[in-house]
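This report goes through a few parts of one structure. Keep the sequence and the 3D view open while reading.

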Amino acid sequence: MRIAEIHLYQVDLPPVGGVYRMSDGAHADLDSTVVQIVSDTGLSGWGETCPIGPTHAAAHAPGARAALTRMAPGLVGRTVTGPAVVRRALHGLLGGHDYAKAAIDIAVHDLLGKAHGLRVCDLLGGATTDQVDSYHSLTLDEPDETARIAAEKIAEGYPRLQVKVGGRPVEADIETIRKVWEATGCTRLVVDANRSLLTREVLRIDRACADIPFVFEQPCHSMEEVAAIRAQLDHPVHLDESAEDLGEVLRAISLGICDGFGLKVTRLGGLGATAAVRDVCEARSLPHTCDDSWGGDIIAAACVHVAATVHPRLLDGVWIAEPFTKVHYDTANPVRVEAGRIRVPTGPGLGVVPDDGALGDPVASFG
Ligand code: 0XW
Ligand code: MG
């Protein structure tokens, strides 16, 4: 099977209610890039990448399209035998830009799944479940309002809550964590600073909330900062933004500075890379999520498929943007959170195919 054509689409996925707020500010312009790989057999594979704004990571939406535009001509005509072959070809066409390469990698998995009549989760090792836990991300807001939404989400059936902190006085963070805990009693609570806290602020939260069971997610900017205070913390630590690739995951594990990870499929470079990190985490009994930063049904399906292959005791959940966007490319098989859980699409491939016209006309085509 050869790659005959590649098409790029651009889709705006603004958050319902206007903004998604984290420690780095309010995100309103969510710009997704969808990749369609058309094979010489007529089958199509779909991939997607959607950075959450230009500052959250070393990634931005026009950058994804520029990188894909650079790589696509070099892919047209190539034989697709497996994802690793394509991944190496991508590295031969452009250095870095894993978040853009991820969209191709996902599309290749979708294409191969369709060609062989397999779901992507089966290609990745086999699913252990037909539905995965999700979690609700409580964006930065006033403490009382955050606690109100937290209680609402637990009542909806969410098994896990992520409370955003940082970018404001630490007292407001402490008040928010306490109010969410009092309102929900949720024991699967995560406090995510998205890199923003000073080490002394992390220590302050740790002590002020000593009686509340939660996991810190990416409290400080770097692994070194986390390493400096790790022995003084009572709460476990998961890394998210620092888990940039397999090498950084290995570094964190060898430094012994974390108890798990918040993984992002596109940041790691796609499904093949995420499956490799999954296996490393399993070897060290490290729990993790399988998320992405934003996006529609395609990236959501990719996250759910790889999550379905994680050892059940190690899967912390899957975050998808769907509850915040309410947009579906595939209206027949939408990927959605229902009562805090997400069904694994039944395939083949990713099990989602954009409706005709759902993505508009391609913004670039090759082949
Ligand atoms: C909650 N998320 C998965 C969505 C946003 O991109 C941030 C992210 C996180 O955990 O940091
Ligand atoms: Mg996070």
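Valine 318 lies in the loop that runs between β14 (315-317) and α13 (322-325). The model is a predicted one. Is valine 318 buried or exposed? Its relative accessibility is 0%, so valine 318 counts as buried.

Leaving aside residues up to four places away in sequence, valine 318 touches Val132, Asp133, Ser134, Tyr135, Cys290, Asp291, Cys303, Val304, Ala307 and Ile342. Glycine 296 is 22 residues from valine 318 in sequence, and the two C-alpha atoms are 14 Å apart in space.

## Cysteines

How many disulfides does a search of the whole structure find? The search finds zero. In general, a disulfide is a covalent bond that joins the sulfur atoms of two cysteines.

Cysteine 50 is in no disulfide, and the nearest cysteine sulfur belongs to cysteine 303, 12 Å away. Cysteine 50 is also buried, with a relative accessible area of 1%. For cysteine 303, the closest cysteine sulfur is that of cysteine 290. The distance between these two sulfurs is 7.3 Å, which is too far for a bond, because a disulfide needs sulfur atoms within 2.5 Å. Cysteine 303 counts as buried too, at 1% relative accessibility.

## A three-stranded open sheet

Three strands make up an open sheet, in the order β6-β16-β15, with antiparallel pairing. Its edge strands, β6 (131-133) and β15 (337-338), each pair on one side only.

Two bridges connect β15 with strand β16 (residues 341-343), and this pair is antiparallel. Glutamate 338 has arginine 341 in β16 as its bridge partner.

Strand β7 (residues 136-138) pairs with β8 in the parallel sense over three bridges. Here leucine 138 stands opposite valine 163 in β8. From β7 the chain passes through helix α5 (residues 143-156) to reach β8, and this β-α-β crossover is right-handed.

What covers strand β8 (residues 161-164) can be read from its side chains: Leu161 and Val163 on one side are buried, and so are Gln162 and Lys164 on the other, leaving both faces covered.

β8 also runs parallel to β9, and four bridges join them. Across this pair, lysine 164 stands opposite aspartate 192 in β9. The chain goes from β8 through helix α6 (residues 170-184) to β9, again in a right-handed β-α-β crossover.

## The magnesium site

Which residues coordinate the magnesium ion (ligand 2)? They are Asp192 (OD), Glu217 (OE) and Asp240 (OD), at 2.0 to 2.3 Å. Along the sequence, the spacing of these donor residues is D-x24-E-x22-D. Aspartate 192, in strand β9 (residues 189-192), and glutamate 217, in strand β10 (residues 214-217), are 25 residues apart, and this pair links distant parts of the chain.

Key
Residues numbered from 1 in each chain as written. Chains lettered and ligands numbered in written order. Predicted model: local features only at pLDDT ≥ 70, side-chain atom pairs only at ≥ 80, totals over all residues. Heavy atoms only, no water. Donors = N, O, S within 2.8 Å, 3.2 Å for Na, K, Ca; no water. Pairing = 2+ DSSP bridges. Buried < 20%, exposed > 50% of the residue type's maximum accessible area, 1.4 Å probe, protein only. Right-handed = clockwise from strand over helix to strand, strands pointing away. Contact = heavy atoms within 4.5 Å.
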